[in-house]
Amino acid sequence: MSAWSVRPLRHLMVATALGLTAGVFLAVWLVGLGLGRRAEEQQGALTSSLQLNADLESQRLQAALQEQQRGLDRMLSALLDATARAAPADAPLAAPKKVCDTIELAAGVVRAGVVDLAEATVVALVEPGEKGCVDRWWALQVQALSGPPYPAPVDIARQAQAAMYGMGHVVDGQTVVTGVHRSGIGVHVRLARASAGRAAFVDVKLADLPPPPAVSGVRLDSYLTVGGVAVGYIHGGPGVGMVPAAVKRIKKREELVNQLPVVVEAAASRAVLAWEFPEHFDDGDLALAAREVPLESQLPHPLGLSVVSSAPWPSATADLRWRLLVLVLAAAGMQLILVVLLTRRLSRALSNTANQVRVAWMPALEGEPEPTDDERAARLLAAMSEGTRDTLGAAYGKDARHWSGGPLQRLLDLLHSRLGPRG
Amino acid sequence: MGGARPAWLLAAVFVLGCPSPSSKPCGREMQRVREREALRIHGLSQNDALPETVLRFQLAMRCASEEDQQELRLHASLLQARLEAKGDLEEVTELERLLAEMGLEVESDPRLRLAGSAARQRLKVHATALRSASNMDPGDTLRAHLAANAWEADEGLSLPEGTRALVAYAGSVESCFVVVNHQDPPVGTGLISLKRADKTVALHGDSVTLPISRGKPKVVRLCVQGALQTNDTVHISVGGAPVFQQQLTVRPQDTILGSLRSAATTDVGALCQTATGHSARVVCAMAKGTP
């Protein structure tokens, strides 16, 4: 590399390289500082906004749950009253049918019934049907008389066992949460109330609670936890079409099932998973805020309500830093390459001239006769004149008109005639 | 010895630097359980198979700490809650057994098992009561046989040979009858129809085609809208040729059952007041819950 052998150019390049490096570091530091400050400001404002959303939604859901519980409390009392008129042994088969006439199934109720705790028998079991309340238990009993087809024993057992779920936690004269489970991704809660050896229960699908008000750019996911573990969603979760897509991906590559971030790429529950498993997600991925509040229940593990509020970051801060660094480095590299390419002729001319002058002025090699001063002057003049022409040509172009070649040639000829070898 | 020191040091560093084979797989299995549960809860996996879930628990339990065991117990109890709510006692029992085997006892309610068996027993009584009335007429014998089959009763009842049509229930909104084929029509595909004064009545319920093959009894349940009438006759034809016809007989207990099904509970009381005959009294007794 000819430019490197010329001291001023070498110094220039070293200085440029050092300056560029320092500039790059300074730029990255400044950009990072600026972005960080901006991100902090945004984080502060955004997180405060998300936290507010989560708090409001949490309060709204708690109020809705309390309101729903009051309504269900009345329904459970009515259920107990409706089935308390006759003892189970001599109750007419038609009696439970009147349960549907006595009570009105509230929104979200997927099953309700009464069980005899001492006998562990089902007294009534009703579910919402297409045309309103349907008495499943009564229908099974009638079908047992008017078949075929007779009800399959396994179906009867299934209904009875489902009715007994959570009955170990009922409290006399008080409506309490005795069971929480999920169906699909939705959470179902069983509320029960005991009186005089019987317990009335109701299963509620919490997804039927009024949905949260839409806030532009903010996503709200709410779910129940038992012992700190998510049980099922109230609102939010994967959207329609998301789950089959994720399942399809998992089926295609079974090992994906253990890679949460990979699997949830297409799923809208990313926010909740990012909240629950922060170690798997990048900090710059989502802006998150959450509110977790305990709920009263008779379950052996604490029951909680969680609301996660999320929004995509306004700018992907972490990614931007790396991109800027790469851009600055690429620009600096390009500049260096251009400097080398554009100054290569000039560098070569300067290098050659300096080398020829050095050779002309240097003492003779061992074994050779020492030149006289005149000879040295002549060689030096020849090297300088040739080198000067080359340098000027490299600097200003090959056409001598651009650097006034005539006067220079005359000057060089004059010097040559004065200093050149005589004879 | 001096030359061997770097090699020993290198080996020691290598051995100490490697992850211990016992701790890392454990953490991985626990993490796998945690994440699989999370995927299920968040709807990203539909794989809810009990054996696979329990296998994961077993792998994680091999070297789970006390804290991990608590977490596994929690996951197991949530799985148990879901199975109990579905009423899947067989799976609940299997889960309890498998968990007990690995030392993960989960609190369970013994009444859960009682409820299923009690309910089965209570409704099975209906079939028993129906059988007690079976000596009254051939139709009831047939009903008892069908009921016994449905309830897996072990008392051997001989199915009357021949083809029979009997009323299941007769209500004002809907009435149903059952055609039981045992042996005699020609082998082929029988077409069932209900004729009322030479007019064919529209049927719904099972298919009106009755595949007839020797030695394989078939039961078909068909219904008409509204009440049955005295001249309603069931016809079966095979290849266009009539092979069977029988007039339907509506008994008092059929009307009581029809009233029960149509929720006309006031009619049931009145009908049972005037009910005569053993079978009708049995149905009324069952309707009152004291068979």
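**View 1. The largest cavity of this predicted model holds about 120 Å³ of space.** A cavity is here a set of points on a 1 Å grid over the protein atoms alone where a 1.4 Å probe fits but cannot get out, and its lining residues have an atom within 4 Å of a point; the volume is the space filled by probe spheres set on the points, which are joined across faces, edges and corners. By this rule, three cavities of 30 Å³ or more are counted. The largest cavity is lined by 13 residues, and those closest to its centre are A:Arg182, B:Glu37, B:Leu78, B:Leu79 and B:Arg82. At least two lining residues are supplied by each of β4 (176–183) and β8 (229–235) in chain A and by each of α2 (23–41) and α4 (66–86) in chain B, where helices (H or I, at least four residues) and strands (E, at least two) are DSSP runs numbered from the N terminus. The helix α4(B) gives the largest share of this lining, with four residues. Sorted by class, the lining has five nonpolar, three polar and five charged residues; Ala, Val, Leu, Ile, Met, Phe, Trp, Tyr, Cys and Pro count as nonpolar, Asp, Glu, Lys and Arg as charged, and the others, Gly among them, as polar.

Residues are numbered from 1 along each chain as its sequence is written, while chains are lettered from A and ligands numbered from 1 in the order in which they are written. Since the model is predicted, local features need pLDDT of at least 70 and side-chain atom pairs count only at pLDDT 80 or more, whereas totals for chains, interfaces and linings use all residues, and side-chain values use heavy atoms, with hydrogens and water left out.

**View 2. Helix α5 of chain A (residues 153–164) packs with α4(B).**

**View 3. A:Asp203 sits in strand β6 of chain A, which covers residues 198–205.** With a relative accessibility of 2%, A:Asp203 counts as buried, a term for values under 20%, whereas exposed means over 50% and partly exposed in between (1.4 Å probe, protein chains only). Although A:Asp203 and A:Ala112 are 91 residues apart in sequence, their C-alpha atoms are 6.2 Å apart in space. With neighbours within four places in sequence left aside, A:Asp203 is in contact (heavy atoms within 4.5 Å) with A:Gly108, A:Val109, A:Val110, A:Arg111, A:Val189 and A:Arg190.

**View 4. A:Ser306 belongs to strand β10 (residues 303–312) of chain A.** The relative accessible area of A:Ser306 is 3%, so this residue is buried. Beyond its neighbours within four places in sequence, the contacts of A:Ser306 include A:Asp221, A:Ser222 and A:Tyr223, and also A:Thr225, A:Arg291 and A:Glu292.

**View 5. A:Thr102 is part of helix α3 of chain A, residues 97–102.** This residue has a relative accessible area of 38% and is therefore partly exposed. Between A:Thr102 and A:Ala82, which are 20 residues apart along the chain, the C-alpha separation is 6.8 Å.

**View 6. A:Ala120 and its positive phi, near 55 degrees, are shown in chain A.** Most residues other than glycine have a negative phi. A:Ala120 lies in the loop between β1 (109–116) and β2 (121–129) of chain A, and with a relative accessible area of 1% it is buried.

**View 7. B:Asp198, a residue other than glycine, has a positive phi near 65 degrees.** Its place is the loop between β3 (188–196) and β4 (199–201) of chain B. B:Asp198 is exposed, because its relative accessible area is 77%.

Notes
On a 1 Å grid over the protein atoms alone, a cavity is a set of points where a 1.4 Å probe fits but cannot get out, and a pocket is an open set with protein on both sides within 12 Å along at least five of seven lines; lining residues have an atom within 4 Å of a point. Axes are lines fitted to C-alpha atoms, for helices over the stretch in contact, and angles run from 0 to 180 degrees between N-to-C directions.
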